[in-house]
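The following note collects points for a colleague who is examining the model. Each point takes up one part of the fold.

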Amino acid sequence: MQIQNIPNYQNFQAPPPPPIFDEQRKYQQFQPPKQRLHCIKCGRNQNVSFQTFTKKYVSPVATLGIFLGFLPFFLLRLLLTTKHEISTTFCELCWENFRNLESKTALIYFGGVMALIVSVTIAGIMNSFSPLIFGVIVFLPMMIWGFFYNRKYSPKFKKVNENRVTIVAPVGGEITFYKQK
Ligand SMILES: [Zn+2]
């Protein structure tokens, strides 16, 4: 019965307290792990990983080069294009939709332009305006489709210039990526 006489929580029975070096450190130790990764496109936090892609910015000056002819236009475009290497978080599905989006969109636009060129050619050969109507009927929806298809699967780019790219994410809001020099 002697054991009953030993009071609980005597100092010598308690484990030593964790070492605390200063107040700040004490609070840092007890913070839960803060950020989970969220997809920059849809905001989900499952199957999210870092992915790298290139975002191009073409200076509007290059577009003015079109007045000088096609060759100066393409040369100016090459010279005045900034490529931003961006590494950010995507969920599996959004990355699958986005990774080849640029070429898919370009293909849709190309289809529309080809329809227009073919209809102009046929109109010229037939010396008639009606093939042109067909061309425009195909061209316009293709352009609109390309635009909305891109918008559906692309992260929301708010601002892109030669120095930075700003994306608006559903979780966390605006994120700006600066060009590394
Ligand atoms: Zn996503």
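**Note on strands, helices and core**

1. Strands E3 and E4 form a hairpin, with 3 residues between them. The model is a predicted one. Strand E3 covers residues 156-160 and strand E4 covers residues 164-169; the two run antiparallel and are joined by 4 bridges. Within this pair, Lys156 has Val168 of E4 opposite.

2. A further hairpin is made by E4 and E5, again with 3 residues between the strands. Gly172, located in the turn, has a positive phi of about 100°. The pairing of E4 with strand E5 (residues 173-178) is antiparallel and extends over 6 bridges. Here Val168 faces Glu174 in E5.

3. The helical part of the note concerns H5 (residues 101-126) and H6 (residues 130-153), whose axes come within 8 Å and cross at roughly 175°. Because an angle over 145 degrees counts as roughly antiparallel, H5 is roughly antiparallel to H6. The residues of the contact between H5 and H6 comprise 20 nonpolar and 7 polar ones, with no charged residue.

4. Which residues does Gly146 contact, leaving aside neighbours within four places in sequence? They are Thr105, Ile108, Tyr109 and Gly112. Gly146 itself lies in helix H6. The C-alpha atoms of Gly146 and Ala106 are 7.7 Å apart in space, although the two residues are separated by 40 residues in sequence.

5. Is Gly146 buried, exposed or partly exposed? Gly146 has 19 other C-beta atoms within 10 Å. Because a residue is buried only if 20 or more such atoms lie within that distance, and exposed if 12 or fewer do, Gly146 is classed as partly exposed.

6. The largest nonpolar core consists of 8 residues: Cys39, Ile40, Val48, Phe90, Cys91, Cys94, Val165 and Ile167. At least two residues of this core come from strand E2 (81-91), and at least two come from E4.

7. Cys91 belongs to that core. When residues up to four places away in sequence are not counted, Cys91 touches Cys39, Cys42, Arg44, Gln46, Asn47 and Val48.

Conventions: Residues are numbered from 1 along each chain as its sequence is written. This is a predicted model: local features need pLDDT of at least 70, side-chain atom pairs count only at pLDDT 80 or more; totals for chains, interfaces and linings use all residues. Two strands pair if DSSP finds at least two bridges between them. Axes are lines fitted to C-alpha atoms, for helices over the stretch in contact, and angles run from 0 to 180 degrees between N-to-C directions. Angles under 35 degrees count as roughly parallel, over 145 as roughly antiparallel, 65 to 115 as roughly perpendicular and the rest as oblique. Ala, Val, Leu, Ile, Met, Phe, Trp, Tyr, Cys and Pro count as nonpolar, Asp, Glu, Lys and Arg as charged, and the others, Gly among them, as polar. A nonpolar core is a set of buried Ala, Val, Leu, Ile, Met, Phe, Trp, Tyr and Cys residues joined through C-beta atoms within 7 Å. Two residues are in contact if their C-beta atoms, placed from the backbone, lie within 7 Å.
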